[in-house]
Amino acid sequence: HTRSFHVTGVQTCALPISLKANGQFFVLTKTPVSLCPFCDTDLDWPADIVVVYDVKGTYPTEARLKIAGRLDIGSMTDTETGFVSQLRLMNAEVVR
């Protein structure tokens with residue numbers, strides 16, 4: 001299932017994702033998280049995450065971002081990192 005979608009949230013720690021996925025995606029949450037599950041593997045992700053793919057540029061973590069993209073729903077495993085997601089914004093861009 002895919003359709004156009006806008007979402008506002010906060011980017012989690014981007015460094016480990018950038019190192020593993022060459023900056024192809026980052027994780028957006030509704031509210032800032034105190035620790036990053038990529039940095040501490042014993043932590044669980046919040047239930048409200050959206051994985052954002054193909055955003056051009058870099059943005060500070062914990063900054064509120066409005067993202068537009070094509071919503072992709074359903075389980076998907078990133079082939080490069082093994083990261084499993086249920087909701088993704090594909091071909092995403094930051095809307096100012």
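**Exercise 1.** What does the accessible surface of the protein come to, and which share of it belongs to carbon and sulfur atoms?

*Solution.* The model is predicted. Its accessible surface comes to about 5,900 Å². Of this area, 52% belongs to carbon and sulfur atoms. As for burial, 40% of the 96 residues are buried.

**Exercise 2.** Describe the secondary structure and the sequence range of the contacts in the protein.

*Solution.* Step one: the protein contains one helix and five strands. Step two: along the sequence these elements follow the pattern β-α-β-β-β-β. Step three: take the contacts between residues at least 6 apart in sequence; 58% of them join residues at least 24 apart.

**Exercise 3.** Identify the salt bridge of the structure and state which elements it ties together.

*Solution.* Step one: the structure holds one salt bridge. Step three: Asp 72 belongs to strand β4 (residues 64–77) and Arg 88 to strand β5 (residues 84–94), so the pair ties together parts that are 16 residues apart in sequence. Step four: both Asp 72 and Arg 88 are buried.

**Exercise 4.** Characterise the surroundings of Thr 29.

*Solution.* Step one: Thr 29 is located in strand β2 (residues 25–29). Step two: its relative accessible area is 3%; the limit for a buried residue is under 20%, so Thr 29 is classed as buried. Step three: a polar atom of the Thr 29 side chain lies 2.7 Å from the backbone oxygen of Thr 31. Step four: leaving aside residues up to four places away in sequence, Thr 29 touches Gly 9, Val 10, Thr 12, Pro 46, Asp 48 and Ile 49.

Note on methods. Residues are numbered from 1 along each chain as its sequence is written. This is a predicted model: local features need pLDDT of at least 70, side-chain atom pairs count only at pLDDT 80 or more; totals for chains, interfaces and linings use all residues. Side-chain values use heavy atoms; hydrogens and water are left out. Helices (H or I, at least four residues) and strands (E, at least two) are DSSP runs, numbered from the N terminus. Buried means under 20% relative accessible area, exposed over 50%, partly exposed in between (1.4 Å probe, protein chains only). Contact means heavy atoms within 4.5 Å. Accessible areas come from the Shrake-Rupley method with a 1.4 Å probe; for residues, only the protein chains shown count as cover. A salt bridge is a side-chain nitrogen of Lys or Arg within 4 Å of a carboxyl oxygen of Asp or Glu. A polar contact is a pair of N or O atoms within 3.5 Å; within protein, one must be able to donate a hydrogen and the other to accept it, and residues adjacent in sequence count only if both atoms are side-chain atoms.
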